[in-house]
Amino acid sequence: MGSGRAIDNQRDGQPRPVVVDVDTGTDDALALLLLLAADAVGEVKLLAVTCTAGNTLQQHAVRNTLRLLRAANRLDVPVYAGAEMPLLSENMEIRQEEYHGKDGFGDLDHQSFPGDDADLDGLVQQESAVVALARIASEQRGELTLVCLAPLTTVALAVRTYPALRRNLKELHVMGGNSMGHGNVTSTGEFNFACDPEAAHIVLDSVTCPVHITPWETCADSPIELDWRLGELVASGGGLAMELVTAADRSVLTAHSRTHWVTCDALTVAALLRPALVARASPRHVAVELAGSRTRGQMVPACVLLRGACPPACPGPAARLNRDAPPARLIHAFDVPAFKDLLLWAAPRWTAPPRPTTTA
């Protein structure tokens, strides 16, 4: 079904139910489009998008998500507003970096794109993202895959408020943390985990389902040529949604004088959609540093091995509140050419055809 081996369909051939938590964000945008493409061909059923403060303020993340769904003609996907700030207000300093612009989308002139943003205001669901996550997971009876591309604040609140959520998830796919101590927002902290270390700790320490983590170093080691991103990928199709996300990408990449394109969130979604794209991974017990003056927010392994799986005598489980949880699966490398093929496959598919109009 397209580039590479697709994920196995669930429940008697039905698409795998998925919810994605975002802080849209130029990097989240392409990841969301990948999920829309998979939804279009029946690989997944995208049940909801929840929006958390991170790359930008929560209200900007909501607005950017709706803009992207409108551009892809997919406003049928429900959008829910999540956490507006981290669990501890002291974490707000990291969120103010504004790498993706003040609005999270490269501060584009959105009036140059079709559609009136005022029409989007009434499309946000009234139910909070925290309640929606617990409800949808319960309705899916243990079959829901949750993709986490933002700081884990909303998910942590849902786990703490509705403990049954820990047992109602089939899989958790997380973009966040670091595996070798290299950071991208502090010297030792990856942005999503450093924004809300307590939330990352709560989620990783609580859930009982398999957890797949795409850490920062893996993404940094999987760059794509900027010329390919702004040339061949754009030429592959994608319509107005491609135009919107490319304009945002170009604005951000130009502002920071980037020569290569690193797309962490899309890689995380690719690991879900095409497991064969993962070139190397290992099961590891991990924890999140909460107290270090220089290492707060760093993801650290529970044992001293630098590579490979945790040994049988790993002390990781004994240090966890949830001692029955399996180790997380850390992704260490991707097949980048195959990932590029996936993007080329997805671009013509992520925009839904216009719905026929009816006349009285």
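How many bridges join strand β5 to β6? There are 4 bridges between β5 (residues 169-175) and β6, and the two strands run parallel. This report describes a predicted model, starting with its sheet and moving on to helices and cysteines.

**The sheet**

An open sheet of 8 strands has the order β3-β2-β1-β4-β5-β6-β12-β9, and its pairing is mixed. At the edges stand β3 (79-81) and β9 (278-284), each of which pairs on one side only. On average, neighbouring strands of this sheet are turned by 20 degrees against each other, with direction ignored. Helix α2 (residues 58-71) packs on the sheet and touches β1, β2 (44-51) and β3. The direction of α2 makes about 175 degrees with that of β3.

| Residue | Bridge partner | Strand of the partner |
|---|---|---|
| Val18 | Thr145 | β4 |
| Leu144 | Leu169 | β5 |
| Leu146 | Leu172 | β5 |
| Val174 | Ile213 | β6 |

**Strand β4**

Strand β4 (residues 144-148) is mostly covered, with 5 of its 5 residues buried.

β4 pairs with strand β1 (residues 16-22) in the parallel sense over 4 bridges. Thr145 of β4 is the bridge partner of Val18. β4 also pairs with β5, again in the parallel sense, over 5 bridges. Within β5, Leu169 is the partner of Leu144, and Leu172 is the partner of Leu146. Together with helix α5 (residues 153-161), β4 and β5 make a right-handed β-α-β unit.

**Strands β5 and β6**

Because 6 of the 7 residues of β5 are buried, this strand is largely enclosed by the rest of the structure. Leu172 stands opposite Val211 in β6, and Val174 has Ile213 of β6 as its bridge partner.

Which residues of β6 point one way, and which the other way? In β6 (residues 211-214), Val211 and Ile213 point one way, while His212 and Thr214 point the other way. All of these residues are buried. β6 also pairs with strand β12 (residues 328-334) in the parallel sense, over 2 bridges. There, His212 stands opposite Arg329 in β12.

Helix α1 (residues 26-40) has 15 residues. From its first C-alpha to its last, α1 reaches 22 Å, close to the 21 Å expected at 1.5 Å a residue. The helix is mostly covered, as 14 of its 15 residues are buried. Just after α1 comes Gly42, which takes a positive phi of about 85 degrees.

Why is helix α12 described as largely enclosed by the rest of the structure? The reason is that 8 of the 11 residues of α12 (residues 336-346) are buried. These are Val336, Ala338, Phe339, Lys340, Leu342, Leu343, Trp345 and Ala346. The buried residues of α12 pack against the helices α1, α9 (226-235) and α11 (264-273), and against the strands β7 (224-225), β8 (260-261) and β12.

**Cysteines**

A disulfide is a covalent bond between the sulfur atoms of two cysteines. How many disulfides does the structure hold? The number is 0. For Cys209, the closest cysteine sulfur belongs to Cys148, and the 9.1 Å between the two sulfurs is too far for a bond; the cut-off for a disulfide is within 2.5 Å.

Cys209 counts as buried because its relative accessibility is 5%, and buried means under 20%. Cys51, at 0% relative accessibility, also counts as buried.

Notes. Residues are numbered from 1 along each chain as its sequence is written. This is a predicted model: local features need pLDDT of at least 70, side-chain atom pairs count only at pLDDT 80 or more; totals for chains, interfaces and linings use all residues. Side-chain values use heavy atoms; hydrogens and water are left out. Buried means under 20% relative accessible area, exposed over 50%, partly exposed in between (1.4 Å probe, protein chains only). The expected span of a helix is 1.5 Å times one less than its number of residues. Two strands pair if DSSP finds at least two bridges between them. A crossover is right-handed if, with the strands pointing away from the viewer, the path from the first strand over the helix to the second runs clockwise. Axes are lines fitted to C-alpha atoms, for helices over the stretch in contact, and angles run from 0 to 180 degrees between N-to-C directions. Contact means heavy atoms within 4.5 Å.
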